[in-house]
Amino acid sequence: MCGIVAYIGQREAYPIVLKGLKRLEYRGYDSAGVALINNGLQVYKKKGKVAELENHVSGKDMRSHIAIGHTRWATHGEPSDRNSHPHVSGNGKLAMIHNGIIENYAQLKQELLNQGHIFKSDTDTEVLTHFIEEIQKSNHCTLEEALRIALKRVVGAYVIVIVDEDNPDTLIAARKGSPLVIGVGKGEHFLASDASPIVEYTKEVVYVNDYEIAIIKADELILKNISNERQTPYIQKLDIELAAIEKGGYDHFMLKEIFEQPQTIFDSLRGRLDAKNGTLTIGGIREHAEMLSKAKRIIIVACGTSWHAGLVAEYMIEELCRIPVEVEYASEFRYRNPVVGPGDVIIAVSQSGETADTLVAIESAKEKGAIILGVCNVVGSSIARLSDAGAYTHAGPEIGVASTKAFTAQLAVLCLIGLKVAIVKGSITQQRFQHLLDELDHIPEKVAAVLKLNDRIKEIAAKYKDARDFLYLGRGYNFPVALEGALKLKEISYIHAEGYPAAEMKHGPIALVDENLPVVFVATRDSYYEKVVSNIQEIKARKGKVIAVVTEGDQVIPGMADDIIMVPEADELVAPILSVIPLQLLAYHIGVLKGFDVDKPRNLAKSVTVE
Ligand code: M6R
């Protein structure tokens, strides 16, 4: 989704902002723009990639010590030069970049049209820029004051950053519902939607809170709330390294992130799991473990891949803790007026911690009295901060739009939470607890073994890359894995793929099966194994092509399937962490073989910050 970068300080601002925009490309966007002050306000914007903007400004005098930059993911108005940000006020003095949606923009626009304003774009952002200018004019007030008044009328979510031709030594920013990080340097400040454009300059950052306005000069950062009261900026240390946001020799971030999984899963367990001594410590939920063990039900809310992790967790938690679990699409949960209140525990699962659907779902559940646990990857993200407790997944920055390492880290952490609650509740035996600790302890090395199958999976990808549709099937713990495999393939190869519970296939999708349909079975040895074997036979009887992910040593399925991928044996509760990896690689190779940009698939955004 939209990306924001800005700089103020002694250095040349444009190269810093341009590099920052490139760092934010992974978020997904369709146009880019910059504004700076050099003999007045200069604004350049272009539909397409950041590189096209770079060409567009080539040869122009871009010298300035203040600049703002934006990558836009279209919401109001098609992707075009004129709808790109920054947007400029009617008097040509203010330029604004914006991430989020101004929900009441139509009403504000009508008022401004009645006052004679003329708009050049279809965007809500331009409306807000004119609205602030109008308030400044009619109240004879400062930009800061006008912004404060404007934001009291604005409905929606936003991060905005403004440059003002009349105040070339100040940036003004505000936030509600969308993230804004300010990097604090020596005599300089860096602003961005996330830490990736900042990390190479400074590790000291301030996360702006909702309803705060930041007034930023090269050597001063003032934070105020919407009532004009000064707030103390809380400076935090970034715990990411530059290497984590670079490709490190891999062709794509997605491949790098798939191959990082032995380490990222280890990191998600580190300091928590001590299999040798049979202990499990999750600092973030320590105080809530007792309460969780007494919960009447747990509701997991999430979107996309994180929702699939939630589905696996439903199987895990119900089995381990004997507590009913519901898994909800965050967007549906929020708007159907769910029965939720005191005594309910909500687990919000999110890589970015900024997904708007998940954020508003937990906001409303929290207002109704539910306890919120966050399982997020991005430290300091909005969902993590809104949660009452939780555990970070510690997978490191995930840049590829298709989520991979975040998913397996979510599974590991959700499994730890299930185990912790189960042992507090006494719903599993000490022996099973110890067995699962041991299983988790060995998962990183087993993941490394699965990654050795990369070349074989690439061959399978080449064989099936031209298929029009794919079906992914699994049962039990492997059903959500099938859903995740289908989502990965759709996202980066644009092949239509459906995930189904393997048994449900005969109630409809079997009509699709013929000799042209590849059917991917996630068929590791578990309590559903015999049933899945029957389902494979049903597909083969109709001449479908079967690609099966099975457990090493399987003697049965290799005799039936067209292609086999063998993963190490694991307890069924943790097996999804292994069985999903071949599906990530299969999707990756098919996407690459088809010539697509797998790190930035069309239409998708990394962090979906609009509802
Ligand atoms: O950041 P989140 O985990 O909340 O994101 C949720 C989904 O938007 C995300 O998983 C999406 O489905 C990915 N593109 C999956 O690869």
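Select Arg 297. This residue sits in the loop between helix H8 (289-293) and strand S18 (298-302); helices (H or I, at least four residues) and strands (E, at least two) are DSSP runs, numbered from the N terminus. The model is predicted: local features need pLDDT of at least 70, side-chain atom pairs count only at pLDDT 80 or more, and totals for chains, interfaces and linings use all residues. Residues are numbered from 1 along each chain as its sequence is written, and side-chain values use heavy atoms, leaving out hydrogens and water.

Arg 297 counts as buried because its relative accessibility is 18% (buried is under 20% relative accessible area, exposed over 50%, partly exposed in between, with a 1.4 Å probe and protein chains only).

Now show the side chain of Glu 326. The side chain of Arg 297 makes a polar contact with it, at 3.3 Å (a pair of N or O atoms within 3.5 Å, one able to donate a hydrogen and the other to accept it; residues adjacent in sequence count only if both atoms are side-chain atoms).

Next, the backbone oxygen of Val 339. A polar atom of the Arg 297 side chain lies 2.5 Å from it.

Beyond four places in sequence, Arg 297 touches residues including Ile 323, Pro 324, Asp 344 and Val 345 (contact: heavy atoms within 4.5 Å).

Move on to H16 (residues 478-493) and H18 (residues 575-593). Their axes come within 9 Å and cross at roughly 15° (lines fitted to C-alpha atoms over the stretch in contact, angles from 0 to 180 degrees between N-to-C directions).

Colour the helix contact. Among the H16 residues there are Val 481, Leu 489 and Ile 492; the H18 side includes Val 580, Leu 583 and Tyr 588.
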